[in-house]
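Biologist: I've just opened this one and would like a guided tour. Could you take it feature by feature?

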Amino acid sequence: MKIIVDAMGGDNAPGEIVKGALQAAEEFKVDILLVGCGELILKTMEENGIKSLPKRVEIAHASEVIDMEDNPATAFKDKKDSSMTVGLTLLRDKKGDAFVSAGSTGALLSAATLITKRIRGIRRAAMAPLVPTGGGGTILIDCGANVECTPEYLLQFAFMGSYYASHILGRPEPRVGLLNIGAEESKGGSLQKETYELLEKAGREQRINFLGNVESRDVMMGAVDVAVTDGFTGNVMLKTVEGTGLFFAGKLKKIFKKNALSKFAALLVMGGMEELKKMMDYREIGGTALLGISRPVIKAHGSSDAYAIRNAIRQAQQFASSGLIEDIQDNIGYMKLSGAGE
């Protein structure tokens, strides 16, 4: 299996990207195609004591880089020789099995949609991060790719999220919930009410395991495996979870450093604190899957270090071998509303 990696995307490119890719190649026995400035990639390798390309690693030269200041909607067209554009073109042409980038989220979404294309029948691609919850993690779909949604979009998000939980997380009957302001069927606006009817129908037909509406607090307690929502609401929830985690981490640190007794207490719970820290660390997961694209694409965090990239490549490897995209293609008929255009 070959994973295409955008070596120039992200805050720590190319150094941390290349190091993480080399680690993944060695540990996971996967072939890596690094896309970017060949000279800088080789220089990074030399700085890490590598004088020649490792056996499983190749370089595809790209002379341009998409920056955060570039227009995300047109950057891949304006910079046709960027590492992101070249990498996604290689993915489209089946020169690799998956693509990983820590570059601009908006540019990656636009480029993946227009270069690699969506799965036929899928209206919008969605971002589906795994949020740490009491149930071992919940897929939040969408978390920002689609600010304005229709009930059909959310129906498709529910199916794609369910398949992802089944194929990647190993949950045979993923519990799907519609994120809402209350558990009652009558709650929410027109989008939530219309979506509820569609999801309930899919549940009755045993296409998905729909549990009904779910509040955000219950999502965090692990009530569902998949939380379905529009990108605006999902992004607000995701950023709230991230901020809350940082807030409590800072508070706990101050509490444990208060005096000698609290420092001793910190030693007693060190194992549990390390486990909690690991659960909240985005680097452990690696990245966010773009679901609905015809080929596997993983968006790594913009500040990813080598460890995060290593795990993003592992995630891409799992995605590419999961059969997830084929499952979506085989069931697309159940995910479309009759009479709706392509």
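Modeller: Buried means under 20% relative accessible area, exposed over 50% and partly exposed in between, with a 1.4 Å probe and protein chains only. Helices (H or I, at least four residues) and strands (E, at least two) are DSSP runs, numbered from the N terminus. Before we go on: this is a predicted model, where local features need pLDDT of at least 70 and side-chain atom pairs count only at pLDDT 80 or more, while totals for chains, interfaces and linings use all residues. Residues are numbered from 1 along each chain as its sequence is written, and side-chain values use heavy atoms, leaving out hydrogens and water.

Biologist: What should helix H6 span at 1.5 Å a residue?

Modeller: The expected span is 1.5 Å times one less than the number of residues. For H6, residues 151-167, that gives 24 Å, and the end C-alpha atoms are 24 Å apart, which agrees.

Biologist: How do I read the sheet, and in what order do its strands come?

Modeller: Strands of a sheet pair through backbone hydrogen bonds, either parallel or antiparallel. Two strands count as paired if DSSP finds at least two bridges between them. Here seven strands form an open sheet, ordered S3-S2-S1-S4-S12-S11-S5, with mixed pairing. S3 (57-61) and S5 (126-128) stand at the edges with a single partner strand each, so one side of each has no neighbour in the sheet. Inside the sheet, S1 (residues 2-6) and S2 (residues 31-36) run parallel, joined by five bridges. Asp-6, for instance, has Val-35 in S2 as its bridge partner.

Biologist: And what about the nonpolar core?

Modeller: A nonpolar core is a set of buried Ala, Val, Leu, Ile, Met, Phe, Trp, Tyr and Cys residues joined through side-chain atoms within 4.5 Å. The largest one has 62 residues, and Ile-32, Leu-34, Ile-141 and Ile-313 have the most contacts inside it. H6 gives this core its largest share, 10 residues. Another core, of 37 residues, lies apart from it and includes Leu-33 and Met-84.

Biologist: Is Asn-146 buried or exposed?

Modeller: Asn-146 counts as buried, because its relative accessibility is 9%. Asn-146 sits in the loop between strand S7 (138-141) and H6. Contact means heavy atoms within 4.5 Å, and the residues Asn-146 touches, beyond four places away in sequence, include Arg-124, Phe-157 and Asp-230.
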